[in-house]
Amino acid sequence: MSISLPQAFVQLMESYPWEYSRNLLEALSEGNPSLAVRVNTAKGAAVPCGAQKVEWDDRGFYLDTRPVFPLHPQWHQGLFYVQDASSMATATVLSFILQNYIENNSGLCYLDACAAPGGKTIAALDILPPDAFVVANEADKRRANILAENVAKHGCPNVAITLGDACRFAKLRDTFHIIAADVPCSGEGMMRKDLEAVGQWSLNLVESCAAVQTDILDALWGALKPGGFLIYSTCTFNRRENEDRLEYMVSQYGAEIIELPLSLFPGAVAGFVPGVARFLPGMVRGEGQFVALLHKPGHFSALQSKKKKSNSKACKIPSDVSDFVEKHVIDHQSYIIKEYTPGCYCIVPKGHEALIESVGGVSPLIRQGLPVVELKGKTAVPSHLLAMSTALRRDSFPAHELDYAAAMAYLRGEALSDVPQEIPQGFYLTTYANQPLGFAKNIGRRANNLYPDALRLKMSPQSVPSSAPVPIISQEL
């Protein structure tokens, strides 16, 4: 599919003092977007043998054709995430920070300020140390719900999700050790995938986005701890939204641009200021990304600073809930239990309670920690997010392995029949390829399907193949 690019965009790219305009414009005009996925190693997923890996991320690899992802149970189970290869670069930058600049990484607080649909949040959860805590924020409610769904599939418990303008975080002074700001932009990197991005592009849009980006950076810089790091990225190519924003931060706040070695990103090119990386279609197999790393002046410290105490009063947790957590959560001593809505309980990693409380004070919390159980009368009903979580003690529930047809029926929300006799009455875990799909409740002759309504697969049985398609990823069982 050939794409007619806006003439003003073509002229802008050709005006830059670089030799890449022809390759970039030809690649965008061809309209042939790339496709890649990133595997979830925390759930035993691996890149298939022989697949072409993303050059800057060992967990990512390219697909030559686009499968129907909902037909793959592994997609629903969070074993892989569909993500543009260029976008995976921010994970490489985070690894670079941890390897070269942070000696004591205990208790890190990380903010993904513009997080939907969730790929960069998931990558951060993969790379950060186990006791780090991630706050993922999104301003748009619909996109925030998608973010929450994708993070839930991934399974890490140490995350909170907030809904609101990223500028609200200005109220949290000196709070986060690392902030990722994949800011709203004019979307030039979306032109091959979305004709709307072509139609809406204009120089006025570029200027409008640059103003929004400045506001977000102003707010986030105050929320960053002295000595902290800010990963700045866009999926656009113009200088106004990229290098010019960095130069503003240098002049306004004394920010230091830390040089990112281009050897980390094979195929990426240098930008118009030293140390940044540009991923350009025609030069890399990806849709495009600009990424840079800023350092805030000051001494970096993680747990060396005094922890703030939570202002909330501890509430009495019902024994049914505490017993449930002790039985079903791995390393349950590392968490505290909180009631986040009446009768619904989550676990929050110890040491981060005050952070979550502070974050909730400036932006509504969609999720705090890991929701694990809801009390309905005297019955403790396990949360679907617990089934998806790497914190689940797998052997604490009876499990029923489903074949492909039964797994797809479960994902559609159908009632389960033919429950094995060895499954006792009560809650049990359904699995496919030895990975959880979700919970069901055996009531005797049949089982109630507890897969959440909002997630249920809206595909008729006739549209689902009779046998499982070739798996997209490998599993290390």
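Predicted model: local features only at pLDDT ≥ 70, side-chain atom pairs only at ≥ 80, totals over all residues.
Local features need pLDDT of at least 70 and side-chain atom pairs count only at pLDDT 80 or more, while totals for chains, interfaces and linings use all residues. Residues are numbered from 1 along each chain as its sequence is written, and side-chain values use heavy atoms, with hydrogens and water left out.

Strand β14 covers residues 289-295; strands (E, at least two residues) and helices (H or I, at least four) are DSSP runs numbered from the N terminus. Seven of the seven residues of β14 are buried, so the strand is largely enclosed by the rest of the structure. Buried means under 20% relative accessible area, with exposed over 50% and partly exposed in between (1.4 Å probe, protein chains only). In a regular strand the side chains alternate between the two faces of the sheet. In β14, Gln289, Val291, Leu293 and His295 lie on one side, and Phe290, Ala292 and Leu294 on the other.

Strand β10 (residues 224-234) pairs with β14 in the antiparallel sense over six bridges; two strands pair if DSSP finds at least two bridges between them. Isoleucine 231 is opposite leucine 293 of β14. Strand β11 (residues 256-258) is joined to β14 by three bridges, also antiparallel, and isoleucine 257 faces leucine 294 there.

A separate topic is the open sheet of four strands, ordered β15-β16-β18-β19 with antiparallel pairing. Its edge strands, each pairing on one side only, are β15 (335-341) and β19 (379-382). Six bridges link β15 to β16 (residues 344-349), and isoleucine 336 has valine 348 of β16 as its bridge partner. Helix α10 (residues 319-328) packs on this sheet, touching β15, β16, β18 (370-376) and β19; contact means heavy atoms within 4.5 Å. The direction of α10 makes about 140° with that of β18. Axes are lines fitted to C-alpha atoms, for helices over the stretch in contact, and angles run from 0 to 180 degrees between N-to-C directions.

In helix α11 (residues 353-362), the buried residues are Ala354, Leu355, Ile356, Val359 and Val362. Their cover includes β6 (109-112), β7 (133-138), β8 (159-163), β9 (176-182), β16 and β17 (365-368).

Thr90, Ala91, Leu94, Ser95 and Leu98 of α4 meet Lys120, Ala123, Ala124 and Ile127 of α5.
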